Amino acid sequence: MTATAQGSTSGASAPPRARKVVLAYSGGVDTSVCIPYLIREWGVEEVITFAADLGQGDELEPIRLKALTAGASQSIVADLIEPFITEFAFPAIRANALYEGRYPLSTALARPLIARRLVELAREVGADAVAHGCTGKGNDQVRFDVAIGALAPELTVLAPAREWGMSREQTIAYGERCGIAAPVSKQSPYSIDLNLLGRSIEAGALEDPNVEPPEEVYAMTTALEATPQQAQTIEIAFEQGNPVAIDGERLDPVSLIRRANALAGSHGFGRLDMIENRVVGIKSREIYETPGLLLLIRAHQELESLTLAADVQRYKRQIEASWADLVYQGLWFGPLKQALDGFLDRTQATVNGSVRIKLHKGNATVVGRSSSSDSLYVSDMATYGSDDRFDHRAAEGFIYVWGLPTRLWSARHR
């Protein structure tokens, strides 16, 4: 599909007809252009936009008004910060969820929440379709389409940016013809996604994986040369795997994430520069800032080393990798993800205690951990001092039985 100079399209078949559509709206180029495009090109009678406040700190009233200017009949903004943290971020912390061992899913975790609210709104207003502005190259199209299909298979999902075939420049020009000002300047070519858990930055010069990210792309973390010279040690407390306090002060979940972001970010901790394998099969270069989330996962991992049995801890690592993959791939509402949740929830009953972490020059180093009720570290079994209660003589028989299969195999094949 290509856009003509008049702003229409040619060579494309329209999607199933939709009368009323709820559009996931961010105020960016693609979602803004989706509004007139759905109406003019696909014959949608009414577009209702939905913007989620996920703690990104943006002033959402201009975004709401921009949607109305672009042609939306209603422009809805909702505060989803609290469920974002308690229902999505905290489970990710309990799961130690790191996609490909590095990325803590700060963007991916927001998509099933937005999809859930889109479905709820569609049912409330009697819409027969929902829409998003995702392109055909990204992960978010997968996350939205699959989540909406799981929650409301009766709804049609429209993705104009996946169909219209316009370049970035053509999309901006189309929007300008419809009275939509382009929000991206030549001085700021980056594509940024932001919420309370972190920022993802891509495009522009970052598309060359050999180019060092300029300092200007970062906003949540301090440059190393500007971080404090003095290290800072903090203590994070957990109850049943959930972080509940920092330095002895109990905080509500949202305030705790904000505090963790500020502490870790001020010491330059939480930057990621990685080549990432997208769901659609291509590799992309991604820059992330996730200071608080990474800090809390690191502390949680350390507390589990103290409170989980060895076999549970080893097996949980496999579950964690699968859980992270499922969330990244858009399968939050799938049966395997739900089954894994049951295992993870069961393991967290004994993850109670606190972890001390030293922050300094981009590092977060664990320097202590304790659990008064659930620690499996028994000092008089671990000590080499006079209080040692470990039966050293029992080790010989254990080693004989443990090594017997290896010795038998070796005797046969030597």
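Guide: Let us begin with pairing: two strands are said to pair if DSSP finds at least two bridges between them. With that in hand, please keep in mind that this is a predicted model. The chain has 13 helices and 16 strands, and its C-alpha trace spans about 85 × 55 × 45 Å along the principal axes.

Visitor: How do you know that β3 and β4 pair?

Guide: The two strands share five bridges, in the parallel sense, and because at least two are required, β3 and β4 count as paired. Within this pairing, L23 stands opposite T49 in β4.

Visitor: Why is β3 called mostly covered?

Guide: A residue is called buried if its relative accessible area is under 20%, and five of the five residues in β3 are buried. K20, V22 and A24 point one way from the strand, whereas V21 and L23 point the other way, and all are buried. In a regular strand the side chains alternate between the two faces of the sheet. For the chain as a whole, buried residues make up 48% of the 414 residues.

Visitor: Which sheet do these parallel strands form, and in what order?

Guide: Five strands form an open sheet in the order β5-β4-β3-β6-β7, with parallel pairing.

Visitor: What makes β5 and β7 the edge strands?

Guide: β5 (74-79) and β7 (156-158) each pair on one side only. Neighbouring strands of this sheet are turned by 25° against each other on average, direction ignored. At the β5 end, β4 (residues 46-53) runs parallel to β5 and is joined to it by six bridges, with T49 standing opposite S75 in β5.

Visitor: Which helices belong with these strands, and what makes one of the units right-handed?

Guide: β3, helix α1 (residues 29-40) and β4 make a right-handed β-α-β unit; the word is used because, with the strands pointing away from the viewer, the path from the first strand over the helix to the second runs clockwise. Helix α4 (residues 110-125) lies across β3 (20-24), β4, β5 and β6 (129-131), running at about 155° to β3.

Visitor: What is the strand order of the antiparallel sheet?

Guide: Four strands form an open sheet in the order β8-β9-β14-β13, with antiparallel pairing. β8 (191-195) and β13 (271-277) stand at its edges, each with a single partner strand, so one side of each is left without a neighbour in the sheet. The twist averages 20° from one strand to the next. β13 and β14 (residues 283-289) run antiparallel and are joined by seven bridges; D273 has I287 in β14 as its bridge partner.

Visitor: How do you know that β11 pairs with both β10 and β12?

Guide: β10 (residues 232-239) and β11 pair in the antiparallel sense over four bridges, and I236 stands opposite I246 in β11. β11 and β12 (residues 249-250) pair antiparallel over two bridges, which meets the requirement of at least two; here A245 has R250 in β12 as its bridge partner. Each pairing is a hairpin: two residues lie between β10 and β11, where Q240 in the turn has a positive phi of about 50°, and two lie between β11 and β12, where D247 in the turn has a positive phi of about 55°. β11 (residues 242-246) is mostly covered, with four of its five residues buried.

Visitor: Finally, why is α9 called roughly antiparallel to α10?

Guide: Two packed helices are described by the angle between their axes and the distance between the axes. The axes of α9 (residues 291-307) and α10 (residues 310-328) come within 11 Å and cross at roughly 150°. Because angles over 145 degrees count as roughly antiparallel, α9 is roughly antiparallel to α10. H300, E304 and S305 in α9 meet Q313, K316 and E320 in α10, and the residues of this contact divide into no nonpolar, three polar and three charged.

Key: Residues numbered from 1 in each chain as written. Predicted model: local features only at pLDDT ≥ 70, side-chain atom pairs only at ≥ 80, totals over all residues. Heavy atoms only, no water. Axes fitted to C-alpha atoms, helices over the stretch in contact; angles between N-to-C directions. Parallel < 35°, antiparallel > 145°, perpendicular 65-115°, else oblique. Contact = heavy atoms within 4.5 Å. Nonpolar A, V, L, I, M, F, W, Y, C, P; charged D, E, K, R; others polar. Buried < 20%, exposed > 50% of the residue type's maximum accessible area, 1.4 Å probe, protein only.
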